[in-house]
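User: I would like to go through some of the labels attached to this structure. For each one, please set the value against the cut-off and conclude.

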Amino acid sequence: MAALEGIEVTGPLRERYDEILTPEALGLLAALQREFGARREELLEARAARQERLSAGGTLDFLPETAGVRADDSWRVAEPAPGLVDRRVEITGPTDRKMTINALNSGAKVWLADFEDANTPLWENMIEGQLNLRDALDRTIDFTDPRSGKSYALKDDGELATIVVRPRGWHMVEKHILVDGKPMSGSLVDFGLYFFHCARRQAEKGKGPYYYLPKMEGHLEARLWNDVFNLAQDTLEIPRGTIRATVLIETIPAAFEMEEILYELRDHSAGLNAGRWDYLFSVIKKFRDRGTDFVLPERNAITMTAPFMRAYTELLVRTCHKRGAHAIGGMAAFIPSRRDEEVNKIALEKVRADKTRESDDGFDGSWVAHPDLVPVCREVFDGVLGDRPNQRDRLREDVRVSAGDLLNVAATPGEITEAGLRNNIDVALRYLATWLDGAGAVAIHNLMEDAATAEISRSQVWQWIYNGVALKEGRKVTKDLVGRLLDEELAKIRAELGDAYNEPRYDQAVALFKEVTLADEYSEFLTTPAYERMP
């Protein structure tokens, strides 16, 4: 596409892409990028500066300069918007055509329509996902599985989940859309295209437009989003406050600024979510080079009852309810098996226990990754909520959380074993090979994994090497050991998959895994070098 007033689209224009990439929509994107691109870059530089301070021995604490916001008991966020009053069960997933229909039909109250961690930023995924959402709102969407011949169609509007879109985080760019010669912010592309095409469509249905905001590290990043919302609403002459946004608290710096984040977004706020897997990734990343006090046990041994995770989730509920906001719990990633009832029984018991803990703690709802888990989550929250839409009135004034509690990583029980190291390697390789092939939600060992899984896995391996961690069996984690185990795990995957083994993709996955685990310098996000490998 030729440049249009400094805007250039370099990605291929497939069938119907012109319906999304209209001159008017691109004009909104350019306005957002020109107004906010420099601030976004400044905030990313501030992240890097904070990391330097942490690596040099600094710490995190509640901000003295915003103490007045935390002490002022008078302010509240906006009342819940239509379609977001009752959020007892939410389903997450990418915006491909089949998932769009299944998620909306799932019986969940909310669908997190994901352009981020359960998706890959393949150009086709980003634009066709926007088409699918618009078609769903227009009720022109359908899908027939080419393998099974099964057809999928939407239920009546009154039975559908509320769409809440998750754009990419502030750190990602969209290399196929250039404004004044520079790649656009991926966040602004995903937000802007959906807002331009679907804000009025959702508003006409009385539910939206709504967003989930990922990967933020502080209230100034929330302030930037709030300003983006205001400009977009003013441009399309939509009343301010129509947009509502739920923020994922999935970085440890953000855990120290939860009240301030709600304050910055208060007219647009729909609450906070405990993004547990990315939160673990953030803890590892921020304190990766700070010695054994910040070395976590292997991934599968870390539970939500670990002291620092309990502090984080209880503070989140307390903060939200103090300000009249929803608190939404974390992901149940289990994928039910129709062939192994014993596996199902054990896993469903774990899901039920997890959702029971969340509902008892005061959460207003929680996430699942598969439609078959919707009834389990709903049943648990029904048992606590009954006919009430939420439990925002449960203030949890008993909760007292200090900075030390949030940072008490050393008290986490668990071990680091060779099996745990091998699992990190195995899961990361499988995920990366599929991610590079264009799918971001991947079924691995009966779990629905997204990018956070690979981020935790590779970050733990890097941290264990850097800190010279010894496995339970005695061997020290070194680059040589990881290299040998990598070869062995790859051979197992090749043998298991047989003819389905995609050698070029796994070659790329191995190269990427080595780049982000065996290099002396730590990569802030795995998805950044991975995106460079995408067309």
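User: Why is Cys377 called buried?

Analyst: In this predicted model, Cys377 has a relative accessibility of 0%. Buried means under 20%, so Cys377 counts as buried. Cys320 is also at 0% and therefore counts as buried.

User: How do you know that Cys320 is in no disulfide?

Analyst: A search of the whole structure finds zero disulfides. For Cys320, the nearest cysteine sulfur is that of Cys377, 17 Å away. A disulfide requires two cysteine sulfur atoms within 2.5 Å, so at 17 Å Cys320 is in no disulfide. Seen from Cys377, the nearest cysteine sulfur is that of Cys320, and Cys377 is in no disulfide either.

User: What makes helix 15 and helix 17 oblique to each other?

Analyst: Helix 15 (residues 418-436) and helix 17 (residues 479-497) pack at an angle of about 60°. Roughly parallel would need an angle under 35 degrees, and roughly perpendicular begins at 65. The pair is therefore oblique. The axes are 9 Å apart, and the crossing is right-handed.

User: Which residues make that contact, and how many are nonpolar, polar or charged?

Analyst: Helix 15 contributes residues including Leu421, Ile425 and Arg430, while those of helix 17 include Leu485, Glu489 and Ile493. By class, the contact has nine nonpolar and eight charged residues, with no polar ones.

User: Where is Glu237, and what makes its accessibility label what it is?

Analyst: Glu237 is in the loop between helix 7 (219-235) and strand 10 (244-249). Its relative accessibility is 68%. Exposed means over 50%, so Glu237 counts as exposed. Phi of Glu237 is near 55°, a positive value in a residue other than glycine.

User: Why is His445 called partly exposed?

Analyst: The relative accessible area of His445 is 47%. Buried would be under 20% and exposed over 50%; His445 is therefore partly exposed. His445 lies in the loop between strand 14 (442-444) and strand 15 (447-449), and has a positive phi of about 50° although it is not a glycine.

User: What is the omega of the peptide bond from Gly208 to Pro209?

Analyst: Omega is near 5°, and the bond from Gly208 to Pro209 is cis. Pro209 is found in the loop between helix 6 (186-204) and strand 9 (210-213).

Note on methods:
Residues numbered from 1 in each chain as written. Predicted model: local features only at pLDDT ≥ 70, side-chain atom pairs only at ≥ 80, totals over all residues. Heavy atoms only, no water. Buried < 20%, exposed > 50% of the residue type's maximum accessible area, 1.4 Å probe, protein only. Axes fitted to C-alpha atoms, helices over the stretch in contact; angles between N-to-C directions. Helix = DSSP H or I, 4+ residues; strand = E, 2+ residues; numbered from the N terminus. Parallel < 35°, antiparallel > 145°, perpendicular 65-115°, else oblique. Left-handed = near helix turned anticlockwise from the far one by under 90°. Contact = heavy atoms within 4.5 Å. Nonpolar A, V, L, I, M, F, W, Y, C, P; charged D, E, K, R; others polar.
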